[in-house]
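Hello,

Here is the structure for you to look over. My notes on the interface between the chains follow below it.

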Amino acid sequence: MSDHPHRGLAVSTRQQVLVLYLSSTSLEGNVAGWAFYNGLEEDLYYDDDTPPYETGVAALKDGWRMISYPTLHDIDRKGGEHDLGYFKNEFVFEKLISESAK
Amino acid sequence: MTTQVEKNPTKVEKLSSVQMAEFVSDGYLRFDELVPQDLCERALEEIREGTFRGDIYRFFGKKLSEVWQNSVMSEIVNLPRFAGAIESLVGPDPYFDHYCAHQVSPGEIRHADLHQDAEFDTRFNAFDIQYSIFFHDVTKEMGGTLFVPGTHFRPVRVFGIRRYHHIMGSVPSVAKGGTVIFWHHNLWHSARSNRTDKLRTMFKTRLNPSVPQVQLWDTSDLQDPQIRSILSRGQPWMAHEQRAEIINRIKLWRALTGDPEYDITGWVTRAERGTF
């Protein structure tokens, strides 16, 4: 695996990814859930039960770049108005951190 | 054939209608320190001795009373409040499905483990229960099962929800020894990291109903006004889909009570009237 062409490319930044599940389809919604991956660290995860921000807007103001905005879905089928499943308001953000800033 | 239940009828303390509404709304009921400490210690000893090793599905289809007759587990499920909860939710002497003694080693890290056990089970007006027994104290550092209240109406593909690392409103099972949680088979849940130097053990069992799940509990408080507010309440994660959640609860409450006209603010009744 070590000689795979996709590995070991010289880059000077690492990505941090913040995924927010909001209470609305708007960035102004409150944070209802989240996940965080830190490309700077051996341990990718940050295991804390305290939400990082109250809203999506607060994350934006703090310098997170939104890279994915949830698509609005029609109700899939007649009679499926009460069907529920995965969370829909998933907003993905990133920060690119310089290796030297680590 | 005379079953153990018929020979030794257990005095049961059934759930109330308010408790059943809590179950329909949140998908679980928690009873702190329900199992006495001496029974907990004997259960842990049986687990250590290997009583529960082997095929965890080997009792599928048997009645609960036929399983573990010589084990402390039989004494535990016959405790009046334990037996009453089981009978209220899935009827007298339900069918045994499977069990598992879940153990998380000292220092074992579980980052992304959120899952649902049985999305393939398409029943709506019926459900299995799983009960989780925490035989010893579980601190926050020790982890314990995390439940996401109200998610039992959301079928997903088992580990398809692993990306949800944190959900507002989640409840970790920080508990004293002897605590039991009875939960709907489709409630989202997760094992958590054990950041202590002690082994964590939780014993889970799944039961299938033996009779139609209609008014199996103590219904003397069926008109309690709390029921409406319990069935109407939201969860922090529900976002703009809260109405659909409540409608699903109304449908299940109708099935469990046998009352086809139960409603909250007319949401189901209005649609049933159709168009003219």
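B:Glu241 forms a salt bridge with A:Lys88. The closest N and O atoms of B:Glu241 and A:Lys88 are 2.7 Å apart. Bear in mind that this is a predicted model. The count of salt bridges between chain B and chain A is two.

Which elements of chain B give two or more residues to the side that touches chain A? They are β5 (166-167) and α7 (242-257). Of these, α7(B) gives the most, with five residues. By class, this side of chain B has 13 nonpolar, seven polar and nine charged residues.

β5(B) also pairs with a strand of the other chain. Its partner is β2 of chain A, residues 31-38. The two run in the antiparallel sense, with two bridges. In this pairing, A:Gly33 stands opposite B:Ile167.

Now the whole interface. In total, 29 residues of chain B are in contact with 27 residues of chain A. The size of an interface is often given as the accessible area lost when the parts come together. Here the area buried between chain B and chain A is about 2,500 Å². Carbon and sulfur atoms give 55% of that area. In chain B, the residues that lose the most area to chain A are B:His111, B:Tyr164 and B:His166. Together these three make up 27% of what the chain B side buries.

Best wishes

Note on methods: Residues numbered from 1 in each chain as written. Chains lettered and ligands numbered in written order. Predicted model: local features only at pLDDT ≥ 70, side-chain atom pairs only at ≥ 80, totals over all residues. Heavy atoms only, no water. Contact = heavy atoms within 4.5 Å. Buried area = accessible area lost by both parts, 1.4 Å probe. Salt bridge = Lys/Arg side-chain N within 4 Å of Asp/Glu carboxyl O. Helix = DSSP H or I, 4+ residues; strand = E, 2+ residues; numbered from the N terminus. Nonpolar A, V, L, I, M, F, W, Y, C, P; charged D, E, K, R; others polar. Pairing = 2+ DSSP bridges.
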